[in-house]
Amino acid sequence: MNQQVLVLIKPDGLKKSLTGNILTRLSETKLEIVAAKMVRVSRGLAVEHYKHMKDKPFFEELIQYIQGTLHDRKKVMAMVYWGDNAITKVRQLAGATNPEEADPTTIRGSYGRITTKGLYENVLHTSSNEAEAEREIKLWFQPDEVIVDLYPTKIIEVKAETKRIWA
Ligand code: CDP
Ligand code: MG
């Protein structure tokens with residue numbers, strides 16, 4: 001069954017220069033990358049992405065983490081992987097949320113850590129089920145940024161739009 005999954009290389013992964021390693025590990029899945037970009041994460045995007053965690057005691061730290069404030073790296077790499085059983089394949093390679101519980105051969109087990117404050121810095125995010133993947137992919141990407149048609153789209157007319165262009 002073909003699926004799509006959002007993968008984020010979090011700011012700690014970028015700061016530790018793990019982009020290449022993580023992409024190499026993920027290539028073991030033989031899944032296809034159908035979208036990729038660097039994102040400067042606004043507070044609004046961070047809060048929306050982690051809205052299901054908003055009652056957690058570490059919520060504010062989690063927002064600072066994904067925004068890059070904790071690591072002085074204000075960016076994440078966002079990607080969509082697509083193919084057979086994509087969600088399970090990527091989550092298995094990623095490993096458990098808690099890096100100390102993650103199998104040491106997984107990405108989180110190899111590279112994650114727990115901060116002294118108790119936050120799990122686990123170098124990447126991956127969606128955990130199809131509904132979450134849909135919500136997250138639609139949050140992080142516009143339809144034209146993805147090279148396959150994942151979800152239904154519609155055409156709307158946008159009036160009085162302003163946008164930044166090269167001067
Ligand atoms: O990322 P994943 O889906 O594996 O876990 P989650 O339960 O959706 O939590 C989102 C993120 O919150 C984790 O990846 C961790 O960075 C952080 N977290 C944490 O620091 N401490 C916890 N007890 C649970 C999650
Ligand atoms: Mg999750």
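A polar contact is a pair of N or O atoms within 3.5 Å; within protein, one must be able to donate a hydrogen and the other to accept it, and residues adjacent in sequence count only if both atoms are side-chain atoms. This is a predicted model, in which local features need pLDDT of at least 70 and side-chain atom pairs pLDDT 80 or more, while totals for chains, interfaces and linings use all residues. Residues are numbered from 1 along each chain as written, chains are lettered from A and ligands numbered from 1 in the order written, and side-chain values use heavy atoms, without hydrogens and water.

Which side chains and backbone atoms make polar contacts with oxygen atoms of ligand 1? The side chain of Arg91 places a polar atom 2.9 Å from a ligand oxygen. For Lys10, an N or O atom of the side chain is 3.0 Å from an oxygen of ligand 1. Tyr120 uses a polar backbone atom, at 2.8 Å from a ligand oxygen. Of the 510 Å² that ligand 1 exposes when taken alone, the protein buries 82% (Shrake-Rupley method, 1.4 Å probe).

Around ligand 1 there are 13 residues, and Arg91, Thr97, Arg108, Tyr120 and Asn122 are the closest (near means a heavy atom within 4 Å). This shell holds seven nonpolar, three polar and three charged residues; Ala, Val, Leu, Ile, Met, Phe, Trp, Tyr, Cys and Pro count as nonpolar, Asp, Glu, Lys and Arg as charged, and the others, Gly among them, as polar.
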